[in-house]
Structures are given as structure tokens and as C-alpha cells.
Amino acid sequence: MKSFSILIIAILAIINLAGCAGMSETQQRTVTGGLGGSAAGAAIGAMAGNAGLGAAIGAAAGTTGGYLYGKHKESEQRAYQQGQRDALQQAPRY
């Protein structure tokens, strides 16, 4: 039963990752975080005796972490692009 659950989780992870092609980077990070969190949570939960609960908690934590990291990277990219625009506007013109 345990190996079957792991196989199902792995198959779902592959399907979900393959479907990320049309998503923004933040959406991709959110999904990836959720999948990674659920896998890690399931593994830890299996050792503790409740893989389902561990997967649910891991998925919630991973999804939240992936979303927050994606938003952070978006703000970094916006700041970088704004710095480039500012530098071009202030560059001396000959």
C-alpha cells in the first residue's frame, strides 16, 4: 500500500509539472512548492504514521512558500527593470 501511494504521488507530480507550460513564473513556483511540500509531508507523515495528514500539511506549507517566493522574485525583476530604465534616462546623450 505504501509503495502504491508513493507511485500515485510521483505520477501526479509529473502530470502537474508538465502542465506548467502556460503559467507565469509565480504560478509555476506555487505549484512546484505545493507538490514538493506534499511529497515531503507524505514521506515525513508516513514515518510518523499518517501520510495523508503529512501530505496535506506539506502541500499547504509548500504552496504558501512557493507563492511568496514567486512574488519576491517578481518584485526583484520589477526593481531590476526599473533600474535599467532609470539608467537609460540618465545616460548622457551625445
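Predicted model: local features only at pLDDT ≥ 70, side-chain atom pairs only at ≥ 80, totals over all residues.
Helix α2 (25-48) has 24 residues, which at 1.5 Å a residue should span 34 Å; the end C-alpha atoms of α2 are 34 Å apart, in agreement. After α2 comes Gly 49, with a positive phi near 110°.

The buried residues of α2 include Gly 33, Gly 34, Gly 37, Ser 38, Gly 41, Ala 42 and Gly 45. In α3, Gly 54, Ala 55, Gly 58, Gly 62, Gly 66 and Gly 70 are buried, and α2 is among the elements that cover them. Ser 38 belongs to helix α2. Its relative accessible area is 15%, so Ser 38 is buried, the cut-off being under 20%. Leaving aside residues up to four places away in sequence, Ser 38 touches Ala 55, Gly 58 and Ala 59.

| Pair | N to O distance |
|---|---|
| Glu 25 and Arg 29 | 3.4 Å |
| Glu 74 and Lys 71 | 3.4 Å |
| Glu 76 and Lys 73 | 3.0 Å |

Glu 25 and Arg 29 are four residues apart in helix α2, about one helical turn. Glu 25 is exposed at 54% relative accessibility, whereas Arg 29 is partly exposed at 25%. Within helix α3, Glu 74 and Lys 71 are three residues apart, about one turn; Glu 74 is partly exposed at 28%, as is Lys 71 at 37%. Glu 76 and Lys 73 are also three residues apart in α3. Salt bridges with shared partners link Lys 71, Glu 74 and Arg 78 in one network.

Key:
Residues numbered from 1 in each chain as written. Heavy atoms only, no water. Buried < 20%, exposed > 50% of the residue type's maximum accessible area, 1.4 Å probe, protein only. Helix = DSSP H or I, 4+ residues; strand = E, 2+ residues; numbered from the N terminus. Contact = heavy atoms within 4.5 Å. Expected span 1.5 Å × (residues − 1). Salt bridge = Lys/Arg side-chain N within 4 Å of Asp/Glu carboxyl O.
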